Amino acid sequence: MTTAVPTASGSGNAATAKFRTNEVTADTSTDRAAAIYKDVLGKLSEVIYEHEVTYDEYRVLKQWLIALGEGGEWPLWLDVFLEHFIEDSNSRIFDGTKGSIEGPYYVPDAPNLGSDAALPMRDDEVGTAMIFQGQVRDLDGSPIENASVEIWHADSAGYYSQFDDGLGIPEWNLRGTFSTDADGHFKIHTMQPAPYQIPHDGPTGAFIRSYGGHPWRPAHLHLKVTAPGKRLITTQLYFQGGEHVDDDVAGAVKPELILDPQPGADGVNVVNYDFVLDPESEGRFVA
Ligand code: DHB
Ligand code: FE
């Protein structure tokens with residue numbers, strides 16, 4: 001098995017470029033911005049006084065922030081170290097399936113594959129074959145037909161298609177959009193992913209080394225599940241007993257999001273996971 005991992009500047013710049021194609025706005029009022037700004041600086045100042053942060057440390061921070069931007073690593077760093085707080089804070093009020101972070105590697109409009117199909121993959125795609133299946137329901141337990149289940153995940157070497165640093169992975173490799181059948185079911189044939197190292201040869205890696213940490217995320221599937229009139233859930237699923245489930249660098253594991261695949265026929269692992277969707281609601285919590 002290859003040990004290659006994406007370079008931070010390669011995948012980071014690709015993630016930055018993709019993100020910049022989005023229109024991003026927020027309807028934050030001046031009052032709210034003032035309140036957040038005051039609290040952020042207030043809490044930062046407490047840290048500075050408590051630890052008596054030195055001028056040398058301040059200059060290292062400035063240099064590091066410049067390098068983070070120049071290396072295109074803002075999406076990497078933010079999605080690893082901050083996004084899980086944003087996600088958790090915004091989703092606490094909902095009753096359906098738990099969410100988790102989106103991360104930097106989502107691409108919309110992955111090919112439509114129906115309710116039962118294999119993800120696009122290479123003939124020699126490495127890994128243990130896995131069937132990931134389940135049902136999408138509403139809060140009352142009724143199955144939802146034509147719910148959309150988008151899935152994307154890394155290959156065995158930790159690369160996501162379209163962020164592969166020029167390796168030539170096919171455009172939609174290990175990405176797809178499924179729609180549930182009349183009973184709300186979907187069945188996805190893929191490869192069980194492996195633990196994943198975030199790119200760590202640049203400033204994000206230097207940050208991790210500076211506090212004696214590691215760059216590993218547990219193996220995970222990324223998902224977006226929705227249906228007309230239902231709240232979109234962005235989440236991730238992990239694997240029982242897998243490495244780094246208990247010490248994810250991105251802090252994005254929740255106990256409700258852990259799969260336990262079992263060996264099935266022909267060496268194919270099989271696992272079931274059902275999604276429950278909240279009704280769509282108005283207000284700032286709509287994803
Ligand atoms: C990052 C990568 C991921 O695959 C993920 O799920 C979250 C964050 C990152 O490199 O920032
Ligand atoms: Fe990921």
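Let's start with Glu83. Buried or exposed? Glu83 is buried, at 18% relative accessible area. Buried means under 20% relative accessible area, exposed means over 50%, and partly exposed is in between, with a 1.4 Å probe and protein chains only. Glu83 sits in helix α5. Helices are DSSP runs of H or I with at least four residues, strands are runs of E with at least two, and both are numbered from the N terminus.

A word on what we are looking at. This is a predicted model, where local features need pLDDT of at least 70, side-chain atom pairs count only at pLDDT 80 or more, and totals for chains, interfaces and linings use all residues. Residues are numbered from 1 along each chain as its sequence is written, chains are lettered from A and ligands numbered from 1 in the order in which they are written, and side-chain values use heavy atoms, with hydrogens and water left out.

Back to Glu83. What does Glu83 touch, leaving aside residues up to four places away in sequence? Its partners are Leu78, Ile101, Glu102 and Gly103. Contact here means heavy atoms within 4.5 Å. Asp116 is 33 residues from Glu83 along the chain, and their C-alpha atoms are 32 Å apart.

Now the largest pocket. Glu83 is among the lining residues nearest its centre, along with Ile86, Glu87, Asn90 and Glu102. In total, 45 residues line this pocket. Its volume is about 2000 Å³. Helix α5 gives the most, seven residues. By class, the lining has 21 nonpolar, 12 polar and 12 charged residues. Nonpolar covers Ala, Val, Leu, Ile, Met, Phe, Trp, Tyr, Cys and Pro; charged covers Asp, Glu, Lys and Arg; the others, Gly among them, are polar.

How is such space found? Rolling a probe the size of a water molecule over the atoms shows where empty space is left. On a 1 Å grid over the protein atoms alone, a cavity is a set of points where a 1.4 Å probe fits but cannot get out; a pocket is an open set with protein on both sides within 12 Å along at least five of seven lines; lining residues have an atom within 4 Å of a point. Points join across faces, edges and corners, and a volume is the space filled by probe spheres set on them.

Next, cavities. How many of 30 Å³ or more does the whole structure hold? The search finds four. Helix α4 (residues 74-81) supplies the largest share, three residues. The lining splits into 10 nonpolar, four polar and three charged.

Then Glu256. This residue lies in the loop between β9 (233-239) and β10 (258-259). Glu256 is partly exposed, because its relative accessibility is 41%. Beyond residues up to four places away in sequence, Glu256 touches Lys98 and Tyr273.

Last, the chain overall. There are six helices and 13 strands. The C-alpha atoms fill a box of roughly 60 × 45 × 35 Å along the principal axes. Of the 287 residues, 41% are buried. Among contacts with a separation of 6 or more, 75% join residues 24 or more positions apart.
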